[in-house]
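Biologist: I am new to this structure and would like to learn how to read it. Could we go through it one feature at a time?

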Amino acid sequence: MASLSNCQPPIGSFSESNDGNVFFARGDQSVKRWDGLISDFVNAGVPAPSTGLSMLEEPILEGGTQVAANIAGTYFAYLRYLDSRGKVSNLSPVSGRLSMAGAKFGNVDSIIRAYGATLVNSYGLVLTREPYGSDDPQLKYLIVTSRSHGLETGDQITFHGFTLPGGGSFLGNRQYRVYVININQFILFNSLHPFDSTNNAPSWFYPYAGRATWSMAGNGIKYSNVEIPTDSRVVRRQILRNKDGNVNTFYVDIDDTDLTETEFTTVKSDTELGEEVPLRAVDGTDLNIARHSEPPNFKRVVVDHFSRTFAAVNLNYKVGSAHVEKGSTDVIGNGTCWTAEMESRLFFAGDKKSYTISSVDTDGQQLVLSEEYEGSTDKTSEYSISPEEDEKLSIHFSETLLPESWNRYKVIRLTSDPSSGEMTGLMPMGPRLFILFENRISSLNYMSDPSLDGQVSFATSRGCVNQRCYIKDGNSAYLMDQSGIYAFDGSQTVSISDQIQSIFDGTDKYSVDWARSEYFHATHQPREKVIRWFVCLGGSGYPKHALAFNYLVNRWWIEEYAEPVSSSVVGSVSKKRTAILCGSAGRVFIPISSPVDGMATGASPVRGSVSSATPVTITDSSQTFTDVVVGAPVCISEGTGSGQQRVVVSVGEHHLEVNRPFSILPDSTSIYQVGGFKWEYSTPMMRLASQPNEKAIRSFAMRFEPNGEQSTLIVRKYTDFQDTPDSMHYPRSFDEGDGVKTEASSPDILFDMTHSTGVLQQNFDSTDTPRSERNRSLTVRLEGVPNSEAHRIYSLTIEGVSGR
Amino acid sequence: MLDSGFIGHFPVGGTVLLFVQVRAQNLAVAAATGTPTYKVFRPDGFQVDSGDMSNAVSGLTGFWIKSLELTNPSDYQSGQTYTVVFSYSQGGTNRSSVSTFQVV
Amino acid sequence: MYLGRFRQGDWVTLTFPKFHVGSGAHKDHLEDMQFPRPDVPDWSTVGVDHSVYSDTVFGTENPTLSVVDSSGNVVVEDKRMHLLDSAIDPALFTVSLFLGSDIPVGMCVARTEYVSKWERQYREKWYSLVAERTHSFTYPFKVVPSGDPRGTYISSYFYNRPHASFLLGQYDSDTLDFRKNPKE
């Protein structure tokens, strides 16, 4: 993809609904949907028409002949859209009212002749040419009497019941045009032309009226201004019309899949209308008017809870800077990624007021405000784009079992509490939905409709950093806020991070970088009984450290990763439920599936001696490297530069290239390990037990599982509060040291992990002189990079100290 | 700071992208008179390479590049840092700037 | 200034200082360049004719960034930079560049460009002189192999369907994708 991404996108959240769709929300674009079958994510919901249609009563012609219709009553109409799955949108604005008379009928009471211009003119009929002669057909008219006929001049009627079919010289059972004289009488014309010289009356001859009747076909309805959808989700349009006398239920009159026309006609009577579409239930509940709105596009957290989807946490967009000009409505963005969905949101900059965004030019990254900017011109103003003020503490929710239908009028609005901090997420747990803030958790309880029977109550004064920093386990959860990590059962909280509290307090050399907290996340590894919170400790952009907690034995440790672990989930892989860690370069890892790090399962780690090195390469002339090691971490596990860890970015036949230069160049004493996990352990500081003038017996012993393949670990001894470890005095090989190797002037004590006894020991006896300065305390630190087998250490024993 | 400075690590046999921004006396960008040249020096000051910059990048005033291939292992040795001196004429004045790179 | 080694899929951020282009009679000479200051004119120098010189320290537009690859192709053109934080002194412009598929493995050079303009006031009457100067800084960097132009996962979800399971991911390259039936 192109490098023209201007800025990192907001972190979104996923939620799965009861209909099997997964939804993705991030607050600056429409909520997306995917079902695992279509080719890509699409916008969720169905957009509604924005304009109402028009209705007009009109004769509907086919082949020049009016189609009989009998639509009589008062009517309204709506337009709605449907997608390919048959999901419907909200209704358009309602049309204007249309009153129609429908078809008309009457009896022929009598027929008489009228003759002569004077008489005809007295009826108001205009002759458009001079009478030709006394026998001029223009002067001969038949006048029909039909009491309260209800016709209008120009109406077309059809006679029934005459003995003759009519035509030529005779009046008969056919269609004529009327000219109304009064409410009971009208004159007949053959022609359908307007009243001009081509008109002529039927012949002078007329049959016996008898039981003759007349009828006039009713008009149809012409729908116009029918909006053409522009959204690709819409594949169908329906025009809905009510039946006379009932405006609560509408019916499908037009069902269109062509989507190109803006006008339609109908002659369907009320009894011929299609599918019923009730607007409201008996209790007034909206069934189709406004309950099918699209999911809110300004919320970045979505969760599913008991057949509804909930959306919360506004996106306040602040990326980049804005160029604002006093007196102008135009705003230019720099380093921004403004989206079309930001239209109608509020723009805040240096001025004291907010402005509504009228339009967004996404290509040019420009906004148009609803009014001129009143603040000072600033080419690099800090700014914020936010939803409406009353949405700040709002929670929206979908209709039951309809995750793509959101009633825009049904919203939960919380009361502001300044001490709670910003809203950060939602956590469904049991029957309740918990609303997470930075420093608070509130509980939402409801029976059927949260906007009607929902109650929000205070749950605890702890909070949660973001939507991804909690782990649920049955009816309890583990959450992280800025005070630490705690367990929460819905009412009580128990702090569990006391062992590592200094990391949260900022008093440890490792401190959480809260400026990056939006990237923190947590995951549960069920097989290990471990929960990990991935955080940034000191300077990294994405989390590279995990605060790991084994809840079975209540132990904490910190893990450092060679590459960022920026996201995580729990899923089923090869039929095993496991955490899945996701990081940079699209890489995905499963923790503890193998002792080998960063390589495909089954790949062999590579360990060897460095022949030579450059700042960015390691050469081992005895090794042939393959691409399988690309992307894996490589550690210098022993010798010069030990402890350094890099990532392999490319290989040559005998060399590896790494991502960052080595700060201490490895040399021929260095041992490298590709794919090894680097681990460290430190004992607490222990007091040295001693008796003056007596030799203090001190040693460090380790019991472990011997490895089959070459592997070592490093032990270092620190006395008192020294930052640098004590150096050894004498060199000693592994054979001489019974599996322990030392070098003169080096602090590294190497333990051979292949030693068959599984027990290794290093002594450091000393004698204390009375009343002289001496060492008081001791810390032992271990560091290792396993080969293909894990380092399993069963016990550490330190002789000659006190304390745990 | 206005010189190119250190430009990276390159293996023997690799290719270095040399670049120079031509500047006027007031250090604003400017077009060169003629084609800028380069010279590459070993740490001991011995010149190992020289030539003309290949092309001016279209749309970027006074910005020239040249791909230098480190093909000769006797000239370019792993672990050594090399200095490149660029020279050009601008506004009647001859000017220079400096880059360095390390062979790994 | 060498930026370092990166991979495709990484974000590279660089900064560029907002310069106050000298003052008084020396305003044309960047060798007299002072440390960058926030956006205020320099009223300190008064000439013998009592004219007061000042600069538009901001320049005509925000600085822009272009990136040239080892073949001389301009792979990123005139990307606008923005102010990092108006409270920082000296002010720094910044830009974040995503190394997608159109930035090849190998060496690249990022080049920022900034136009400065200055105006002269004479006895409180402003008139603008046409002196506009384009300044530039270069930042070489290397794109090493093993990256992925999709970038880094920032959100993920495990999605089970009757026919398959999927690992869904949102990347910091502003893409969504899904990977089917993940296996060890």
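Biologist: In what sense do strand 43 and strand 44 of chain A pair, and over how many bridges?

Modeller: Keep in mind that this is a predicted model. To read a pairing, look at the direction of the two strands and at the bridges between them. Strand 43 of chain A, residues 530-535, and strand 44 of chain A, residues 545-550, pair in the antiparallel sense, with six bridges. One residue pair shows this: Arg532(A) has Ala548(A), in strand 44 of chain A, as its bridge partner.

Biologist: How many bridges join strand 44 to strand 45 of chain A?

Modeller: Strand 44 of chain A is joined to strand 45 of chain A, residues 555-560, by six bridges, and the two run antiparallel. Here Asn550(A) has Arg555(A), in strand 45 of chain A, as its bridge partner.

Biologist: What do strand 44 and strand 45 of chain A form, and how many residues lie between them?

Modeller: They form a hairpin, with four residues between the two strands. In the turn, Asn554(A) has a positive phi of about 60°.

Biologist: With which residues is Ala548(A) in contact, leaving aside its neighbours within four places in sequence?

Modeller: Ala548(A) is in contact with Val530(A), Arg532(A), Trp556(A), Trp557(A) and Glu559(A), once the neighbours within four places are set aside. Arg532(A), in that list, is also the bridge partner of Ala548(A). For a separation in sequence and in space, take Ala548(A) and Gly708(A): they are 160 residues apart in sequence, and their C-alpha atoms are 28 Å apart.

Biologist: What does the domain assignment of chain A give?

Modeller: A domain may be one stretch of sequence or several. In chain A, domain 1 is written as 54-102 + 221-278, and domain 2 as 104-216. Domain 3 covers 316-386, domain 4 covers 394-589, domain 5 covers 606-677 and domain 6 covers 681-802. The centres of domain 4 and domain 6 of chain A, taken over C-alpha atoms, are separated by 40 Å.

Biologist: How many residues of chain C are in contact with chain A?

Modeller: For an interface, count the residues on each side, then ask which elements supply them. Here 53 residues of chain C are in contact with 54 residues of chain A. On the side of chain C, the elements giving two or more residues include strand 1 (4-7), strand 5 (74-80) and strand 10 (153-160). Strand 10 of chain C gives the largest share, seven residues. By class, this side of chain C has 25 nonpolar, 17 polar and 11 charged residues.

Biologist: How many residues of chain B are in contact with chain C?

Modeller: There are 23 residues of chain B in contact with 21 residues of chain C. Strand 1 (5-10), strand 2 (15-21) and strand 6 (63-69) of chain B are the elements that give two or more residues to the chain B side. That side has 13 nonpolar, 10 polar and no charged residues.

Biologist: Why does the radius of gyration of chain B agree with a compact globule?

Modeller: A compact globule of 104 residues would have a radius of gyration near 13 Å, and chain B has 14 Å, which agrees. The C-alpha trace of chain B spans about 40 × 25 × 25 Å along its principal axes. Chain B has zero helices and eight strands, and 37% of its 104 residues are buried.

Biologist: How many helices and strands are there in chain C, and where does its pLDDT stay under 50?

Modeller: Chain C has zero helices and 12 strands, and 43% of its 184 residues count as buried. Its mean pLDDT is 74, with 62% of its residues reaching 70 or more. Over residues 21-59 of chain C pLDDT stays under 50, and the model has 75 contacts beyond four places in sequence for them. Over residues 126-130 of chain C pLDDT also stays under 50, with six such contacts. For the complex, the predictor gives an ipTM of 0.83 and a pTM of 0.84.

Terms used
Residues are numbered from 1 along each chain as its sequence is written. Chains are lettered from A and ligands numbered from 1 in the order in which they are written. This is a predicted model: local features need pLDDT of at least 70, side-chain atom pairs count only at pLDDT 80 or more; totals for chains, interfaces and linings use all residues. Two residues are in contact if their C-beta atoms, placed from the backbone, lie within 7 Å. Ala, Val, Leu, Ile, Met, Phe, Trp, Tyr, Cys and Pro count as nonpolar, Asp, Glu, Lys and Arg as charged, and the others, Gly among them, as polar. pLDDT is the predictor's confidence in each residue, from 0 to 100. The radius of gyration is taken over C-alpha atoms; the globule rule is 2.2 Å times the number of residues to the power 0.38. A residue is buried if 20 or more other C-beta atoms lie within 10 Å of its own, exposed if 12 or fewer, and partly exposed in between; C-beta atoms are placed from the backbone. Domain bounds come from an automatic or database domain assignment. Two strands pair if DSSP finds at least two bridges between them.
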